[in-house]
Amino acid sequence: MKIQKNTKKTGATLLLDALQRHGVKYIFGHPGGAAIPIFDALVDTSLEFILARHEQGATHMADGYARATGNIGTVLVTSGPGATNTVTGLLTSHMDSVPLLVITGQQIRSNLGLDAFQEADVLGITFPVVKHSYLIKDPYDIPRIMEEAFYIAHTGRPGPVLIDVPKDVSAFVFEHTDIPKITKPEMDIPGYTITMHTHSHAIQTAADILNNAQKPLILAGHGSIIAEAQSCIVKFAEKQSIPVTNTLLGKGAFPETHALSLGMLGMHGTAYANLAVNDCDVIISLGSRWDDRITSKTEVFCKNAKKIHVDIDNAEFEKILPMDCIIHANIKDAVIQLLPLLTTRRNKAWLAKISDWKKQFPLKVPESETLIATKVLKDLYDVTKGQAIVSTDVGQHQMWTAQFYLIQNEKQWLTSGGAGTMGFGLPAAIGAQFAHPDALVVAVVGDGGFQMTLCELATIVENKLRVKILILNNSYLGMVRQWQSLFFDNRLSGVHLTGNPDFVAIAQSYGIKGIRISSPENCKDLLREAIQYEGPCLIDARVRKEEDVYPMIPAGASYDRMLTEATDTKLTKPVGST
């Protein structure tokens, strides 16, 4: 049936005109009554609407799309529960500085505050988890608000912006002679200014500190990826032979196969990264916020090191730790200015010490007659040659993947860091596949987190995506079990996933190929079969139920109390001591 084009100019068409003007291609979401005028206007645009099965999934899809591209991810949902279902996704993107634009339908203006059907105070509910929010009460404000929203979402430290649109605003019909002009206003937004004071003396101070260091260390955080600074950081590290460690979200800020890479630091970081952190005399953070999973016991963190912090958000300076040098700047700009001031050095003694630690405490897959998670992930890395875009949920599988799947490129690693969101991995992978339709995208998930958003398998099938889903199925909420085992006398509570379904059968019911791996002997061959399959594929890897993640720094403990393996749990002496 031919659909007649609607030629009326409405509030909804102005909203969508702005999206198209800013290069938006996909909108992820779910429809509902209060948003119907916007969905109606969508019919007459080139925008592609991706129907998620749940609004949380839609928000994570937009998040994955944004992380994989650096562009703003866009979401459209209805009012009330449709809007509140995006809160987890908003928190996830807000904590990790991901630019999103979430448009929510709302009750008509005259019903606001009257507890009307599917009304919710969306601004009040989401206020703590967005960079900014709008409730549009005047249709003539739409062009200005849309321009401001895009500007706020992607400038400075990126983040989510929410726009709440009453139904009578989106349905408002403009007279032909009264349509608001589409102009790009000056971004003079009260309370929002982008100012950076990269004074030359701060850059020079940092250079002097680094030039005099004997045991320097670079800490690359998510801000380095947002700034697309990898090539500059490589030049920086190579010029002074400085080892580089990265945060969980900083994977890809520096190639993890590079000889100077130490991999991830912190609670489940590599032993040699953590030993280097504990022993360095200078540490320079490039876009890391020194969060608790890194610093742990702050009073002794890098106690003998001078600390340099480079960040685009001045709210992060000295929030956690006192600094010896602060540089308020875009990471890439700061490193470019710093490079010519650095002397060329080799740091042979420091690198030799780190080399010894790598030999003493390597990341390795233990010998096992049964299938273990680390074996699966090492085989996945080998089969994909490290080229997949990888997303994860949160838990043990996330830490193992961070340890064993070495990331080469920016925007290749998608995971929830600050919020630690179970259910993120599958929809984020969907968003990444839309961003890069020809790329290999693998979602590595746990059997717990996968069940929180598995309904999005339908989105994969409907859109003919080739996403691969690897479930590390141990019938436990594994990370909680590990903590209860180590620190709560093995008093296990609420962690047994005894009601798990047959994941292969579920995949097949959606029309997705399912493969089960249950032994180490054929693990690599079955993974290869799944990766080479042209369509979507779910791999149910039945791994050992009680496998723990090591190394581990217990919460609140100092770095020298790191557990390198299960036999270290008594902590009789600091790691690295003799």
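Strands and sheets

User: Which residue is the bridge partner of serine 391 in S14?
Analyst: Leucine 414 is the bridge partner of serine 391 in S14. Keep in mind that this is a predicted model.

User: OK, and how many bridges hold S13 and S14 in their pairing?
Analyst: Strand S13, residues 389–392, pairs with S14 over two bridges, and the sense is parallel.

User: What order do the strands of that open sheet come in?
Analyst: The order is S14-S13-S15-S16-S18-S17, six strands with parallel pairing. At the edges are strand S14 (413–414) and strand S17 (513–517), which each pair on one side only.

User: Which strands does helix H18 lie across?
Analyst: Helix H18 (residues 425–435) lies across S13, S14, strand S15 (441–446) and strand S16 (468–473). Its direction is at about 175° to S15.

User: What about the open sheet that has S1 in it, what's the order there?
Analyst: That open sheet has six strands in the order S2-S1-S3-S4-S6-S5, with parallel pairing. Strand S2 (48–51) and strand S5 (132–135) stand at the edges with a single partner strand each, so one side of each has no neighbour in the sheet. From one strand to the next, the twist averages 20°.

User: How many bridges join S5 to S6?
Analyst: Four bridges join S5 to strand S6 (residues 160–166), and the two run parallel. Leucine 135 stands opposite aspartate 164 in S6.

User: Which strands does helix H3 touch?
Analyst: Helix H3 (residues 55–69) packs on the sheet and touches strand S1 (26–29), strand S3 (73–77) and strand S4 (100–106). The direction of H3 makes about 165° with that of S3. Helix H5 (residues 87–95) packs on the sheet too, touching S4 and S6, and its direction makes about 145° with that of S6.

User: Switching to helices. At what angle do H1 and H7 cross?
Analyst: Helix H1 (residues 11–21) and helix H7 (residues 142–154) cross at roughly 35°, and their axes come within 9 Å. The crossing of H1 past H7 is right-handed.

User: Which residues make that contact?
Analyst: From H1 you have Gly11, Leu14, Leu15, Ala18, Leu19 and Arg21. From H7 you have Ile142, Pro143, Met146, Glu147 and Phe150. Sorted by class, the contact of H1 with H7 has eight nonpolar, one polar and two charged residues.

User: How many cavities of 30 Å³ or more does the structure hold?
Analyst: The structure holds one. The largest cavity has a volume of about 30 Å³.

User: What lines the largest cavity?
Analyst: The lining is Asn278, Thr295, Lys297, Val300, Phe301, Ala557, Ser558 and Tyr559. By class, that lining has four nonpolar, three polar and one charged residues.

User: And how much space is in the second largest pocket?
Analyst: The second largest pocket holds about 550 Å³ of space. It is lined by 24 residues, and the closest to its centre are Lys364, Pro366, Tyr550, Thr564 and Glu565.

User: Which helix gives the most to the lining of that second largest pocket?
Analyst: Helix H17 (residues 396–404) does, with three residues.

User: You mentioned tyrosine 550. What kind of peptide bond joins tyrosine 550 and proline 551?
Analyst: A cis peptide bond, with omega at about 0°. Proline 551 is in the segment after strand S18 (537–542).

User: Last one: what is the phi of glutamine 118?
Analyst: Glutamine 118 has a positive phi of about 55°, although it is not a glycine. You'll find glutamine 118 in the loop between S4 and helix H6 (122–126).

Key
Residues are numbered from 1 along each chain as its sequence is written. This is a predicted model: local features need pLDDT of at least 70, side-chain atom pairs count only at pLDDT 80 or more; totals for chains, interfaces and linings use all residues. Side-chain values use heavy atoms; hydrogens and water are left out. On a 1 Å grid over the protein atoms alone, a cavity is a set of points where a 1.4 Å probe fits but cannot get out, and a pocket is an open set with protein on both sides within 12 Å along at least five of seven lines; lining residues have an atom within 4 Å of a point. Grid points are joined across faces, edges and corners, and a volume is the space filled by probe spheres set on the points. Axes are lines fitted to C-alpha atoms, for helices over the stretch in contact, and angles run from 0 to 180 degrees between N-to-C directions. A crossing is left-handed if the near helix is turned anticlockwise from the far one by less than a right angle, and right-handed if clockwise. Contact means heavy atoms within 4.5 Å. Ala, Val, Leu, Ile, Met, Phe, Trp, Tyr, Cys and Pro count as nonpolar, Asp, Glu, Lys and Arg as charged, and the others, Gly among them, as polar. Two strands pair if DSSP finds at least two bridges between them.
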